[in-house]
Amino acid sequence: MALPLSSLTLFPATPAQVYESRKRSFVQWGRGVSLEAYLRRDARMDNHEVARDGRLTTWYRREGLLANRQEGKNIPQKVFGYGIASVFTPTEHRKKGYARHMMRLLHWILAPKLKLPVGTFPPEWGAPPERPGHIFEAAFSVLYSDVGADFYAQCGPYGESNGGWILTEPTATTWSLPTIFENETLLAAKETGQLAWKWLGGSSTNEIWDADAKLFADEMKTAATGKPIEVTFLPQKGVAGFQYHRLQYFWEKLEPIPKFWSICAQSGSGEDAVDPTTFASWTLDIRPPDENALIITRLRARPEHFLELLAQILEYARQYKVDRVEVWGLPRELRELATSTGGKTFARDDHLSSFKSYLKEKPEDIAWIHNEKFCWC
Ligand SMILES: CC(C)(COP(=O)(O)OP(=O)(O)OC[C@H]1O[C@@H](n2cnc3c(N)ncnc32)[C@H](O)[C@@H]1OP(=O)(O)O)[C@@H](O)C(=O)NCCC(=O)NCCS
């Protein structure tokens with residue numbers, strides 16, 4: 001029998017509870033690794049920058065930017081957003097409404113008090129959960145649903161059926177290797193390419209994400225989407241690096257061990273100088289028996305440079321016998337070019353990007369920009 005909702009609340013798990021919950025969720029997410037390796041990986045992830053200073057509570061606090069032109073604030077301001085991961089109910093407790101209720105309660109922890117005043121907490125749910133000291137008020141939260149669009153949409157803060165996380169442009173573009181290497185457009189792009197390239201390891205990639213984040217801020221001064229309010233996560237502080245670390249158990253077995261994690265155009269001012277307006281970063285998802293994939297976590301390129309950049313990434317992927325190169329949220333102006341090289345852009349049916357705003361403005365006035373793989377968790 002299910003416990004009454006009023007007897008359920010949310011609180012941060014103790015280290016022992018975290019350990020126990022990871023042991024339970026291993027059956028779900030332990031693909032290709034032993035229990036020991038799974039627990040070791042998660043323990044190691046706890047020490048990475050993405051999780052430090054209480055950023056990880058199986059929801060991740062991340063820095064983001066918010067530009068609100070309705071209030072005449074063209075200079076984007078720093079805000080916090082959360083990425084929610086690993087929603088899990090042990091098999092024996094499923095279908096009792098626990099996961100749905102947990103997700104409803106989560107808004108009461110993440111949203112600003114002004115948005116969800118304590119006095120409006122549904123009385124039939126008992127007392128509102130208390131926000132732990134290390135949780136900051138969020139402007140928004142996101143998650144990536146593997147159980148369709150409806151379940152999370154139905155998890156509103158008042159139990160309403162449409163107040164939860166809303167499906168938001170879950171697009172992917174993929175290229176199949178090796179057939180792609182016969183594509184004439186790509187071959188031509190490689191031959192006529194004008195740019196010189198710099199291949200970058202892990203720490204240099206962090207520097208590129210820092211530069212990228214500054215460009216986000218500049219770009220948001222004008223509304224590219226036409227919506228008065230734009231929000232984004234930022235790729236630095238371990239956010240984009242998360243996926244590289246998460247898959248390390250697999251890619252470190254490759255020979256030779258991959259040492260490049262991004263590529264950037266060189267700028268005209270010397271061999272070491274890079275131009276972050278043209279770059280891509282990635283991780284390698286090599287988990288037998290699935291096909292090998294190179295996942296582009298972040299990509300920035302003007303149309304005139306995109307195919308040249310793509311040709312470089314595909315060549316790198318070839319070394320590791322990659323079957324598929326994938327990117328999420330490819331900018332619209334690059335999609336036709338992607339198609340011309342045999343790339344396929346489609347709406348994903350898994351990892352569905354879903355967004356919940358805690359701002360006072362109407363959801364239809366808010367655009368989540370840079371909805372790409374770098375902020376997946
Ligand atoms: C998804 C999950 C967390 C739901 O937990 P739960 O406590 O049983 O959820 P609730 O009782 O609150 O709600 C049950 C609802 O979940 C939804 N649901 C569960 N699994 C689903 C799936 N694979 N696809 C679509 N909806 C699903 C259904 O709407 C179900 O409603 P129903 O009882 O009318 O069929 C649980 O099934 C689980 O741990 N699954 C494995 C891990 C996972 O896939 N997590 C989600 C990652 S995004």
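Proline 289 is placed in the loop between β9 (274-285) and β10 (293-300), where strands (E, at least two residues) and helices (H or I, at least four residues) are DSSP runs numbered from the N terminus. The peptide bond that leads from proline 288 into proline 289 is cis, with omega near 5 degrees. This is a predicted model, in which local features need pLDDT of at least 70 and side-chain atom pairs count only at pLDDT 80 or more, while totals for chains, interfaces and linings use all residues. Residues are numbered from 1 along each chain as its sequence is written.

| Feature | Angle |
|---|---|
| Peptide bond, leucine 177 to proline 178, cis | omega near 0 degrees |
| Peptide bond, proline 288 to proline 289, cis | omega near 5 degrees |
| Serine 86, not a glycine | positive phi of about 60 degrees |

Proline 178 belongs to the loop between β5 (171-176) and α5, whereas serine 86 sits in the loop between β2 and α3.

Helix α5 (residues 184-192) also packs against helix α9 (residues 303-319): their axes come within 8 Å and cross at roughly 95 degrees, the axes being lines fitted to C-alpha atoms over the stretch in contact, with angles running from 0 to 180 degrees between N-to-C directions. α5 is therefore roughly perpendicular to α9, a term that covers angles of 65 to 115 degrees. On the α5 side Thr185, Leu186, Ala189 and Lys190 meet Leu307, Glu308 and Ala311 of α9, contact being counted when C-beta atoms, placed from the backbone, lie within 7 Å. The residues of this contact divide into four nonpolar, one polar and two charged; here Ala, Val, Leu, Ile, Met, Phe, Trp, Tyr, Cys and Pro count as nonpolar, Asp, Glu, Lys and Arg as charged, and the others, Gly among them, as polar.

At the level of the chain, an automatic or database assignment supplies the domain bounds, giving domain 1 (5-168 + 352-375) and domain 2 (171-229 + 240-347). The centres of the two domains, taken over C-alpha atoms, are separated by 28 Å, and their contact takes 27 residues from domain 1 and 23 residues from domain 2. On the domain 1 side, the elements that give two or more residues are α2 (35-46), β1 (59-68), β2 (73-84) and β14 (366-368). By class, that side has 13 nonpolar, seven polar and seven charged residues.

Which residues come nearest to the ligand? Of the 16 residues around the ligand, these are Thr89, Arg94, Ala99, Arg100 and Val147, a residue being counted as near if its C-beta atom, placed from the backbone, lies within 6 Å. Helix α3 (residues 98-110) provides the largest share of this shell, three residues, and the shell as a whole has six nonpolar, five polar and five charged residues.

How values were computed:
Contact = placed C-beta atoms within 7 Å. Parallel < 35°, antiparallel > 145°, perpendicular 65-115°, else oblique.
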